[in-house]
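You asked for a quick note to read alongside the model. Have it open on your screen and go point by point.

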Amino acid sequence: MEKREKRLFTAISLPESWIRALARTEKALKEEGVRGRFLPPERLHVTINFIGETRREEEILELLGALGRSGRPSIRAAGGGLFRRRRGGSLIVWHLEADQVLLSYRKKEAEALARLGLTRDTRPYRPHLTLARDAEGPFLHSRAFEEIFTDLPTFEAEELLLFWSHFDQGRLTYTPVARFPFGATGPDMC
């Protein structure tokens with residue numbers, strides 16, 4: 001039987017307090033007349049590495065299970081902004097600051113995935129949360145735009161997740177495939 005191709009990525013889920021705060025931020029942006037394709041807060045996550053379409057899920061699970069994750073990364077919100085794109089409109093993002101634990105782990109994971117021959121994203125890593133795509137509206141260019149992004153408490157990530165990105169009944173869905181606790185090796189299968 002041929003293995004199914006899956007679009008995979010690794011990420012960190014957000015704590016419930018962040019999800020509630022992001023939902024309030026999205027609501028406030030909409031009330032200010034901002035238009036765009038807003039992501040449901042429950043789909044927001046901190047991407048670590050995008051793997052892409054592959055049939056090598058078992059090898060990836062083995063690789064991720066063998067990687068050491070001895071520390072727990074800290075993630076801090078660092079204000080909102082826009083990523084302007086050449087086409088397709090701007091992204092509304094919440095910039096993040098990751099500590100050296102996360103940055104070192106991300107690099108180690110990316111290098112291990114590259115050794116498997118999987119395509120590697122060569123752009124500089126800029127941790128962020130994408131709140132909306134194709135965003136537009138005058139509020140985005142006002143001084144008040146940056147003030148809408150309130151402080152969020154720093155959180156320590158408990159686990160890394162391998163996600164499968166796919167469409168289910170016409171909706172983009174992120175399904176966890178496996179969980180890898182920080183501070184340990186080996187997966188917890190979903």
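Here are some numbered points on the sheet, the helices and a few single residues.

1. Before anything else, keep in mind that this is a predicted model. Whatever you read below describes that prediction.

2. Let's begin with the sheet. Five strands make it up, in the order β2-β6-β5-β4-β7, and the sheet is open, with antiparallel pairing. Look for the edges next: β2 (35–38) and β7 (155–156) sit there, each with pairing on one side only. As background, strands in a sheet are held to each other by backbone hydrogen bonds, and the arrangement can be parallel or antiparallel.

3. Now walk through the pairs. How many bridges link β4 and β5? There are seven, in the antiparallel sense, and in one of these pairings Phe83 has Leu91 of β5 as its bridge partner. Between β5 and β6 there are five bridges, again antiparallel; look for His95, whose bridge partner in β6 is His128. Strand β4 (residues 74–83) also pairs with β7, over two bridges and in the antiparallel sense. On that side, Ser74 stands opposite Glu156 of β7.

4. A helix covers part of this sheet. Helix α1 (residues 16–31) packs on the sheet and touches β2, β4, β5 (90–98), β6 (128–136) and β7. Its direction makes about 15 degrees with that of β6. While you are looking at β5, check how covered that strand is: seven of its nine residues are buried.

5. Next, a pair of helices. Helix α2 (residues 57–66) packs against helix α3 (residues 100–115) at an angle of about 145 degrees, and their axes are 11 Å apart. The crossing is right-handed. Which residues make the contact? From α2 they are Ile60, Leu63 and Leu64, and from α3 they are Tyr105, Glu109, Ala112 and Leu113. Sort the residues of this contact by type and you get six nonpolar, no polar and one charged.

6. Asn49 deserves a look of its own. You'll find Asn49 in strand β3 (residues 45–54). Is Asn49 buried or exposed? Its relative accessible area is 7%, under the 20% cut-off, so Asn49 counts as buried. The Asn49 side chain reaches the backbone oxygen of Arg106 at 3.3 Å. Leaving out residues up to four places away in sequence, Asn49 touches Phe9, Thr10, Arg106, Glu109, Ala110 and Leu113.

7. Lys6 is another one to check. Lys6 belongs to strand β1 (residues 6–13). With a relative accessible area of 15%, Lys6 is under the 20% cut-off and therefore counts as buried. Which side chain does Lys6 meet in a polar contact? That of Glu57, at 3.0 Å. Setting aside neighbours within four places in sequence, the contacts of Lys6 are Gly52, Glu53, Thr54, Glu57 and Trp164.

8. Gly36 has 36% relative accessibility, which falls between the 20% and 50% cut-offs, so Gly36 is called partly exposed. Apart from neighbours within four places in sequence, Gly36 is in contact with Arg133, Asp134 and Ala135. The C-alpha atoms of Gly36 and Trp164 are separated by 25 Å, and these two residues are 128 apart along the chain.

9. Finally, please look at two backbone angles. Asp134, found in strand β6, has a phi near 55 degrees, a positive value in a residue other than glycine. Gln169 has a positive phi too, about 55 degrees, although it is not a glycine. Where does Gln169 lie? In the loop between β8 (159–168) and β9 (171–181). As for accessibility, Asp134 counts as partly exposed at 28%, whereas Gln169 counts as exposed at 79%.

Note on methods: Residues numbered from 1 in each chain as written. Predicted model: local features only at pLDDT ≥ 70, side-chain atom pairs only at ≥ 80, totals over all residues. Heavy atoms only, no water. Pairing = 2+ DSSP bridges. Helix = DSSP H or I, 4+ residues; strand = E, 2+ residues; numbered from the N terminus. Contact = heavy atoms within 4.5 Å. Axes fitted to C-alpha atoms, helices over the stretch in contact; angles between N-to-C directions. Left-handed = near helix turned anticlockwise from the far one by under 90°. Nonpolar A, V, L, I, M, F, W, Y, C, P; charged D, E, K, R; others polar. Buried < 20%, exposed > 50% of the residue type's maximum accessible area, 1.4 Å probe, protein only. Polar contact = N/O pair within 3.5 Å; in protein donor to acceptor, adjacent residues only side chain to side chain.
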